[in-house]
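Please look over the fold below. The report then takes its parts in turn.

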Amino acid sequence: MIEIVPDNVDSALLYFHTRASSGNEITPFIDDLRRELPHTYIWAGDGGISPEPLMGEQVSYATENHRFWFVFPMHGSGNADFAAMTEAVGAVLVTCGGYMNTFVDQIMARFQLPASRVVLCGHQHGGCVALAAAMMRRHDPFALTVLFDPWPLEALYLQHEQHLPPTQVFCIDNQWVRDRETQRGAETPLYQVLQRYGIHADGVTLPEGKDQPDQFMFSAAAHQIKARLSEL
């Protein structure tokens with residue numbers, strides 16, 4: 001787990017990793033984040049479930065170094081598997097999102113911050129946690145939610161939601177990711193899909209990078225966070 005506490009805190013950034021990783025994956029980018037966001041509390045935790053995201057894959061709690069935030073309630077990971085279990089996936093993510101909102105409330109109370117000064121960020125499955133938590137705050141929305149390499153299947157449940165909060169969702173991927181998703185049949189960038197669901201979403205496709213969070217993704221995220229917080 002990573003926790004950075006500036007002397008003067010005026011905002012908060014919470015980061016959620018994907019499967020087979022931990023909060024320590026942001027370590028190479030901490031200095032850059034602190035330089036761009038000098039008064040931002042930064043937290044990157046370790047998901048509590050390992051090692052696989054699917055039921056029936058030897059799921060266990062906190063027994064290995066690899067962490068994960070939640071478990072999908074199906075045995076397959078294809079389009080049909082997600083489509084058949086859309087409501088169940090939504091229930092799992094709402095449970096996880098509710099837990100994270102309770103945690104965020106504690107951080108807000110600790111530093112006397114409004115939700116409008118809180119940014120959630122996540123990579124792949126961790127982005128699902130960030131998005132779920134943000135979409136639950138209808139009356140006290142977060143400033144911004146940043147998603148690295150978000151996966152469209154994991155957001156299917158949101159197409160049935162109504163009156164989603166005005167949180168700005170910003171999706172960051174790269175050309176390598178876009179090529180991969182196009183091969184899978186997901187030709188439309190996720191931010192455009194989220195817009196159809198009624199979410200205030202935008203996004204960018206970077207020319208550099210592959211399938212891991214890197215300096216280009218974090219730099220783009222810091223730019224978006226800094227710009228959003230300066231508006232408030």
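## Basis

This is a predicted model, in which local features need pLDDT of at least 70, side-chain atom pairs count only at pLDDT 80 or more, and totals for chains, interfaces and linings use all residues. Residues are numbered from 1 along each chain as its sequence is written, and side-chain values use heavy atoms, with hydrogens and water left out.

Seven strands form an open sheet in the order 1-3-2-6-7-8-9, and the pairing is mixed. Strand 1 (2-4) and strand 9 are the edges, each pairing on one side only. On average, neighbouring strands are turned by 15 degrees against each other, direction ignored. Helices (H or I, at least four residues) and strands (E, at least two) are DSSP runs, numbered from the N terminus. Two strands pair if DSSP finds at least two bridges between them.

Strand 2 runs parallel to strand 3, joined by five bridges. Leu13 has Ile42 in strand 3 as its bridge partner. Strand 6 (residues 118-123) pairs with strand 7 in the parallel sense over five bridges. There, Leu120 stands opposite Thr145 in strand 7. Strand 7 (residues 144-148) also pairs with strand 8 in the parallel sense, again over five bridges. Thr145 stands opposite Val169 in strand 8. Strand 8 and strand 9 (residues 201-206) pair in the parallel sense over six bridges. Asp173 has Thr205 in strand 9 as its bridge partner.

## Covered strands

In a regular strand the side chains alternate between the two faces of the sheet. Strand 2 shows two sets: Ser11, Leu13 and Tyr15 point one way, Ala12, Leu14 and Phe16 the other, and all are buried. Buried means under 20% relative accessible area, exposed over 50%, and partly exposed in between (1.4 Å probe, protein chains only).

Strand 2 is mostly covered, with six of its six residues buried. Strand 8 (residues 168-174) is mostly covered too, with six of its seven residues buried.

Which strands does helix 4 touch? Helix 4 packs on the sheet against strand 2 (11-16), strand 6, strand 7 and strand 8, and its direction makes about 150 degrees with that of strand 6. Contact means heavy atoms within 4.5 Å. Axes are lines fitted to C-alpha atoms, for helices over the stretch in contact, and angles run from 0 to 180 degrees between N-to-C directions. Helix 7 (residues 215-231) lies across strand 2, strand 3 (40-44), strand 6, strand 7, strand 8 and strand 9, running at about 170 degrees to strand 7.

Helix 4 has 11 of its 11 residues buried, so it is largely enclosed by the rest of the structure. Its buried residues include His125, Cys128, Leu131 and Met135. Their cover includes strand 2, helix 3 (86-111), strand 6, strand 7, strand 8 and helix 6 (190-196).

## Helix 3 against helix 4

The axes of helix 3 and helix 4 come within 8 Å and cross at roughly 75 degrees. The two helices are therefore roughly perpendicular to each other. Angles of 65 to 115 degrees count as roughly perpendicular, under 35 as roughly parallel, over 145 as roughly antiparallel and the rest as oblique.

Leu93, Cys96, Gly97, Met100 and Asn101 in helix 3 meet Cys128, Val129, Ala132 and Ala133 in helix 4. The contact residues divide into seven nonpolar, two polar and no charged. Ala, Val, Leu, Ile, Met, Phe, Trp, Tyr, Cys and Pro count as nonpolar, Asp, Glu, Lys and Arg as charged, and the others, Gly among them, as polar.

## Nonpolar cores

A nonpolar core is a set of buried Ala, Val, Leu, Ile, Met, Phe, Trp, Tyr and Cys residues joined through side-chain atoms within 4.5 Å. The largest has 49 residues, and those touching the most other members are Leu14, Phe16, Leu120, Leu158, Val169, Leu194 and Ile199. Strand 2, strand 3, helix 3, strand 6, helix 4, strand 8 and helix 6 each give two or more residues to this core. Helix 3 gives the most, with nine residues. Apart from this core lies another, of 27 residues, among them Leu13, Leu37, Leu206 and Ile225.

## A loop residue

Pro141 lies in the loop between helix 4 (125-135) and strand 7. Pro141 is partly exposed, with a relative accessible area of 24%. Among its contacts beyond four places in sequence are Ala115, Pro165 and Thr167.
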